[in-house]
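Morning, everyone. Let me put the model on the screen, and then we'll go through a pocket and a sheet.

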Amino acid sequence: AERRGSGRARRTARMPPRTEGGAGAGANAARACRRRRRRRLPGNGCLALAAATGGPAAAAASGAAPPPDAGNPWSYQMTWPAWSTLAGGGKFADYDVELDPACERQPRWPIDWSELRHRIAGCAVFLHVYREQPVQAAKAYATISRRDALWATVSKEVDADVRFSSHRNDCYLGMLAFQLCEHLGQMQAAAEEVWHMHWQKLQLELEALAFHVQLPWSLLLRGRWRLGALLHRLARAARAAGAGHPNRCDAADGPADAALLGHTDANGVVPPDVAEAFLADHGRPGLWSRQFTDRCPFGVLAAVLSLALWIQAGRAAIMGGGSLAGLTAESLVDLYLAPLLRVWEDSSPQFFYDLFTSHWRLWGLFEALDDASWGRTTSAPGGAGPAAAHGGPPPRQRLPRRPHAGRGRCRPEDWTRRPPRVLFLGGGSTTHRWTSFTQRGRQLARGLRALGRARGADARAWNSACRTWCAWPRGADAWTPDVIVHVKYVCSCAVSRWRRAAHVYDPVDITDWRDRLKLGSSLLRVDALLFTTSLALQDVRGHPSLLAAGNVSSFWLPLHHSNFHAVARSEEQVRGEVRGVGVHTVHHDQSLRGLVQKALRELAAGDGGSSGARFVHLDPASLFQETEGRVVAPQQTRRLYEQLASLDVGLAKQSGCVRDWWFCSRWRTGQRLVNLMSAGVPAVVWGDAQGHLDATEARWPPQGVHGDGALLGPASEHYPRELVIQGDGQLGAALAALLRNATLRAEARRRGLRLAARFSLPRVAARLGRIVRRLLSRRSARAPRRRRSCGLAAAS
């Protein structure tokens, strides 16, 4: 946590451990930590506990008695409170597994994920064949992995600093399967100390899987990465290495668990009627906190996995009208697995040892489920796939033409022979924790990578402070950017040290930089500026300072929407009765609330009281308390659009940045409106902000040679005119039209979805990719004529 730049974590970690109260105080602190973690409250209260009980060294330094498990080689101190999304800055904040668990839609560069998936399947078979010959297995694995070019490429990506959001973030399950295979191969015939080092590293990855990424466990089956087989091999290895060490969960089995264990066969499978009866008596989710206080929950997991196997084989089904009626095998696994794992994590300091060495053959059952799912489709249920969320399938990729260069010309590390390297860097110490960096940093980097080798870039986002990037030690072959995009603030040390790179400044919603737009300012040392509205671009292009400088380009690049899961209201829902009219924003605009409530009362009076619509304010500060109102993870992003889709009618008014209205009305993006459109929510739009007009008038993507958005899009694509108002006085008429006219609501939904598709991530990222190549071409043309090779990378 200290390495990841959390100031609060550093202060907590430096606090001396408290010795008052003895073991009772430590137990109370542990219980308080777990309660805080279960409730997902913000803060790093568990860090103090980790510092106070940080093992024998910390205990000896403080003079306190070592914790009870100090000499237990299988104990493991959970680190995930310290690596929370907010504090850690993003090691696990950029995994979006549900869109493509098998990574079939990823470009086959720099990693061919499809080919790697076949390698992983072979790894599981390899480990099974050589299970009785560890020495030969270790030698064979070392030889095979050393000669495999794909394996070497993946190893290089795995070894990248965890503060990067890079290619490893695009295929989390593939990377997890690779690391499992890699460690299991090296654990063959390893000495005890080396074996436990691999075990400790695997526990970090398994902790992320169980508690960080928060994905449904059925995705491990649908991803076809053979994770069930690999986890089963790990369980065998742990059982052999820990022979004789007690399993605390097995010792905590109750009489009912012992009776259930007697019904299992040699593979750990429970008969379907026994499993169903056991779940009826002991598997009710609402009773877990009382049933498993001092009892192991793995018996329930064995019954769940067994019943899922019988359902998957077509030999069982959950019938009747109970809470489990109609559940499929995958939904049954998702309902029980993650919550029950969390129950026992709170009860044992050797959680992963208990999980993998239990006499309940959980991972054998999970492998059987994985085997049955091997040939099944990997698309997520629900119909609308990622192609719809991204505005359709990506266009056909074409290789760019190499620019003509005379003999002897030196181009900065010829980027035409490889994709350009782009780094997204937050200019402040905490910029990487903000929602704007999630969108303009991590997501845009992912969008550039998804475009492939020809149209995209090798893009990464740095999930830590600006100065940590500048001070990060790097060798001669370290990854060095060709282009650095500074998000919100300019990272001055990066501009000074990487002078051969092209620098782009993206202020997003920062306004104080405009006072530094003058000759001699360090701001004019960048190569390009990005603006989120068309009018902002037109304002800056005619600015005297930029015209005098002559070396700074300016481009229009609006914010994309993040509705990757295509969460949207259906036409039937839109045509139904209107109940909620509101906004989704952190700004509490009391004037807007009063106007809407007054208009709704007048409508209700005019309709004889039949209208039941009410004003709704969805505040991210309260909806996302665990990250202090910031939306930084893919799971939170999906929840945000589900909240938006709960509105029947939306309101798009610029409620923030009102003190400098002239500037904000011209330069602030219409992101809230685009989000509403992407969720299929009909909205009343205030037409006094350029960000709203860019969306409603279909100005994006820009037309014409200048690309400044001065030209309007086709009139048939515009948002309905009666819903774009010019002032508060027209609100009542617009609301009346929407509430009383279901056809108008359906038309607004249809046009809104089409307009939002223009602001999809692939389209915005493609525009940025062209900007990057244009800047690099300009720098190539300026490069001096030399015989020797040169590079963009500056000496660091």
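Which residues lie nearest the centre of the second largest pocket? They are Thr435, Thr585, Val586, Gln671 and Arg672, out of 48 lining residues. First, the ground rules. This is a predicted model: local features need pLDDT of at least 70, side-chain atom pairs count only at pLDDT 80 or more, and totals for chains, interfaces and linings use all residues. Residues are numbered from 1 along each chain as its sequence is written, and side-chain values use heavy atoms, with hydrogens and water left out.

Back to the pocket. A pocket here is an open set of points on a 1 Å grid over the protein atoms alone, where a 1.4 Å probe fits, with protein on both sides within 12 Å along at least five of seven lines; lining residues have an atom within 4 Å of a point. The lining splits into 17 nonpolar, 22 polar and nine charged residues, with Gly counted as polar. Domain 3 (419-560) and domain 4 (571-759) both contribute to that lining, so the pocket lies between them. Those bounds come from an automatic or database domain assignment.

Now the sheet. Seven strands form an open sheet, ordered E1-E3-E2-E4-E5-E6-E7, with mixed pairing. E1 (164-165) and E7 (553-556) are at the edges with a single partner strand each, so one side of each has no neighbour in the sheet. Strands are DSSP runs (E, at least two residues), numbered from the N terminus; two strands pair if DSSP finds at least two bridges between them. E2 (residues 421-426) and E3 (residues 458-462) pair in the parallel sense, over five bridges. There, Phe424 stands opposite Ala461 in E3.

Key
Helix = DSSP H or I, 4+ residues; strand = E, 2+ residues; numbered from the N terminus.
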